[in-house]
Amino acid sequence: MATGTRPPENGTVPGHDADALLGRAARGDERAFELLYDVVAAPVHGLARRIVRDPAMAEEVTQEVMIEVWRSATRYDPGRGSALAWIMTIAHRRAVDRVRREQSAGEREARAARYGPGAAHDPVGERVETRLEHERVRRCLGTLTRVQRESVTLAYYGGHTYREVAELIGAPLNTVRTRMRDGIIRLRDCLGVER
């Protein structure tokens, strides 16, 4: 992470606006991206740190986010929100993905430990188990209403924000939030996930 004075959390430093910098970075301006990095790295790192809790992992997430911002800067649409909001959405997704990966790895290690130290790695068994888990999720998605399923799928598999989902399905933002909340609760109950 870049060192130096910490920029304000609003995505600006004197004379530099994150929206303008991201626009220039999208056109390949490396200096603009360096300035953008200085503007957003601290807020991105702060968010990652709150989610993943591990300082080293938060640093990795921050770097991954900034690489993704550089690579996908052309996809930023100023009409949908500020550059900082767009970047923080990417950061949130990356951090949550990292936590999920770490949890999955821990669960796999725990299962492997149950089989004992001499147990052989069973890739076929793992693939079958993963396929069964995916099938359970698909079956539970089938219990949702069409609108709930569409909203949840767009958000969690498509990576869209609530606002983007609302625009894609032509529904009010609060309606989408309610549908997603209800859908997530139904999925959690169907999958037997504890609260």
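Is Cys140 buried or exposed? At 0% relative accessibility, Cys140 counts as buried, where buried means under 20% relative accessible area, exposed means over 50%, and partly exposed lies in between (1.4 Å probe, protein chains only).

A word on the ground rules. This is a predicted model, with local features needing pLDDT of at least 70 and side-chain atom pairs counting only at pLDDT 80 or more, while totals for chains, interfaces and linings use all residues. Residues are numbered from 1 along each chain as its sequence is written, and side-chain values use heavy atoms, leaving out hydrogens and water.

**The disulfide**

Back to Cys140: its partner in a disulfide is Cys190, with the sulfur atoms 2.0 Å apart. The rule here is a pair of cysteine sulfur atoms within 2.5 Å, and by that rule the count is one disulfide. Cys140 sits in helix H5 (residues 123-141) and Cys190 in helix H8 (residues 173-191), so the bond links distant parts of the chain, 50 residues apart. Helices are DSSP runs (H or I, at least four residues), numbered from the N terminus. The torsion about the S-S bond is about -75°, so this disulfide is left-handed. Cys190, at 28% relative accessibility, counts as partly exposed.

**The cores**

A nonpolar core is a set of buried Ala, Val, Leu, Ile, Met, Phe, Trp, Tyr and Cys residues joined through side-chain atoms within 4.5 Å. The largest one has 32 residues, and Leu22, Leu36, Val40, Val65, Val69 and Ile87 touch the most other members. Helices H1 (18-26), H2 (30-52), H3 (55-72) and H4 (83-114) each give two or more residues to this core, with the largest share, twelve residues, coming from H2. Leaving aside neighbours within four places in sequence, Val65 is in contact (heavy atoms within 4.5 Å) with Val44, Ile87, Ile90, Ala91 and Arg94.

**The salt bridges**

The structure holds twelve salt bridges, each a side-chain nitrogen of Lys or Arg within 4 Å of a carboxyl oxygen of Asp or Glu. Here are some of them:

| Pair | Closest N to O |
|---|---|
| Glu60 and Arg98 | 2.7 Å |
| Glu167 and Arg80 | 3.4 Å |

Glu60 lies in helix H3 and Arg98 in helix H4, so that pair ties together parts 38 residues apart in sequence. Arg98 counts as buried at 8% relative accessibility, whereas Glu60 is partly exposed at 42%. Glu167, in helix H7 (residues 162-169), links up with Arg80 in the loop between H3 and H4, 87 residues apart. Salt bridges that share partners also join Glu60, Glu64, Glu68, Arg94 and Arg98 into one network.
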